[in-house]
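Please keep the sequence and the coordinates at hand while reading.

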Amino acid sequence: MTSVTVFTHPSPPLTGITLALAAPTVGTDWYWDMVGYVLSQYPGLDEAGLAGYTYVWSNSSVPGTPAGPAADALVAQFALLDTTDPDDVLALWAPILAHVNATWPQTLQTVDARAYRSVYPWILTAADGLYPGSDAWVGSHLLDAPSLADPEAVARAWRRFTPQNHGGAAFMVAGNGTRNARPRGGGNAINPSWRRTSIDASTFSSFLAPPPPPLFLPALTLDVLSADHHPCLYPV
Amino acid sequence: MVKSTGHDHPGRSIAPGAITLWVHYMQGVETHESFRPTGCNFTIDEPAVTSPGGTQMGLLYETLEAMGRTIVGGANVTVSVGGHVTGGGHSVLSPKYGLAADQVLQMEIVTPQGDVVIANECQNTDLFWAMRGVRRRLPAIPCQSPALMWLLITPPPLETLTNVEM
């Protein structure tokens with residue numbers, strides 16, 4: 001594809017929320033019960049228009065979480081469009097966090113909600129800063145609302161799904177806009193399951209070990225490779 | 001192999017012994033107040049933007065931000081529109097507007113046979129359907145070098161590839 005023309009849209013104001021729910025120690029059973037409960041609430045948040053990215057870490061280093069260098073932690077960033085009142089997004093999460101606090105009071109929790117004038121400033125704050133060049137096999141599954149209805153089943157699935165010393169993701173990036181989309185020409189080739197998806201669940205396993213030699217690191221950390229760098233120099 | 005920004009985690013942007021077509025320098029932003037797809041007898045009276053396939057999200061976001069507008073794009077500003085759109089393209093804007101592939105009005109595609117075609121709802125409709133979401137099952141290549149295009153259309157014996165100047 002040498003060129004593409006797409007719709008542009010007004011960039012809406014939004015309220016972003018960043019939250020982390022972590023266990024003080026790793027390897028507990030209750031952590032997965034808590035994860036299962038939280039993820040089972042996602043269809044309701046999805047229907048309310050919330051969108052964002054959740055990572056579920058298992059005995060893994062997660063910068064910024066309150067539990068320390070290696071943690072079991074659920075870390076997420078969400079955006080609620082068309083509002084600049086943080087109370088709007090906090091109200092969506094209030095009953096969920098209240099249940100977590102009541103049921104698993106040992107949970108370490110951080111919540112931060114703030115307004116953004118448009119999407120791009122939020123993306124600059126919440127952006128996935130991963131540069132190209134990471135090598136990993138990715139596995140994913142599109143999940144609809146009924147599949148997330150049973151918190152215990154979700155807990156069992158996610159515990160099995162998430163590698164130790166690693167993490168998995170639950171992306172809430174479909175919503176009614178995707179389910180009810182009317183693309184030009186009457187349809188397109190996306191996986192039809194997207195039209196009933198609530199969560200895009202994924203995890204990955206790196207297949208490149210050890211780390212690349214220092215010679216290649218400057219190329220990997222630039223988002224523009226010079227014409228002198230052969231794109232196939234990165235060792236596979 | 002066609003490589004844009006190379007974000008593909010399983011490494012499908014490169015391969016040993018392959019010719020890499022690197023489209024990174026195919027970048028740009030052209031905005032429209034309305035858009036008439038090539039070969040159609042109607043105009044879509046909504047704002048749009050046209051970008052070459054290597055255009056990174058950051059350039060699109062920054063350019064459109066100045067106009068108070070945005071596209072359905074991902075949260076990584078270094079990803080290119082080519083990979084994002086052809087792969088489906090989820091976004092925090094998807095709950096409001098749909099996936100990136102749902103936003104497409106027109107594509108310019110170079111086929112493996114070397115034909116440069118326009119695909120939209122009025123012409124090459126099969127390609128238009130497939131390129132919005134099928135990703136790497138239908139490779140499309142940029143037309144950068146006539147010599148390279150000749151090689152791709154009529155592959156020579158393997159031993160002659162080592163003499164190619166690009």
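A residue is called buried when its relative accessible area is under 20%, exposed when it is over 50%, and partly exposed in between (1.4 Å probe, protein chains only). This is a predicted model, in which local features need pLDDT of at least 70 and side-chain atom pairs count only at pLDDT 80 or more, while totals for chains, interfaces and linings use all residues. Residues are numbered from 1 along each chain as its sequence is written, chains are lettered from A and ligands numbered from 1 in the order in which they are written, and side-chain values use heavy atoms, with hydrogens and water left out.

The interior comes first. A nonpolar core is a set of buried Ala, Val, Leu, Ile, Met, Phe, Trp, Tyr and Cys residues joined through side-chain atoms within 4.5 Å. The largest such core holds 44 residues, and those with the most contacts inside it are A:Val4, A:Trp122, B:Ile71 and B:Met107. Helix α4 of chain A (residues 119-126) gives this core its largest share, five residues; helices (H or I, at least four residues) and strands (E, at least two) are DSSP runs, numbered from the N terminus.

The interface of the two chains is next. With contact taken as heavy atoms within 4.5 Å, 65 residues of chain A and 78 residues of chain B take part. The area buried between chain A and chain B is about 6,000 Å², and carbon and sulfur atoms give 61% of this area; buried area is the accessible area (1.4 Å probe) that two parts lose on being put together, summed over both. Of the area that chain A buries against chain B, A:Met1, A:Thr2 and A:Arg184 supply 14%, more than any other three residues.

Charged pairs also cross this interface. A salt bridge is a side-chain nitrogen of Lys or Arg within 4 Å of a carboxyl oxygen of Asp or Glu, and the rule finds four of them between chain A and chain B. In one, B:Glu65 pairs with A:Arg117, with the closest N and O atoms 3.3 Å apart. In another, the side chains of A:Asp82 and B:Lys96 meet at 2.7 Å, N to O. A:Asp82 lies in the loop between β5 (71-81) and α3 (86-103) of chain A, and B:Lys96 lies in helix α3 (residues 94-97) of chain B, so this pair joins two chains. A:Asp82 is partly exposed at 48% relative accessibility, and B:Lys96 is partly exposed at 36%.

Over all chains, a search of the whole structure finds nine salt bridges. One of these brings together A:Arg159 and A:Asp29, at 2.8 Å from N to O. The pair links distant parts of the chain, 130 residues apart, with A:Arg159 in helix α5 (residues 151-161) and A:Asp29 in helix α1 (residues 29-40) of chain A. A:Arg159 is partly exposed at 38%, as is A:Asp29 at 48%.

A:Arg179 forms a salt bridge with A:Glu47, the closest N and O atoms being 3.4 Å apart. Here helix α6, which holds A:Arg179, is linked to helix α2 (residues 42-47), which holds A:Glu47, and the two residues are 132 residues apart in chain A. A:Arg179 is buried, with a relative accessible area of 17%, whereas A:Glu47 is exposed at 52%. Both residues belong to a network of salt bridges that also links A:Asp46.
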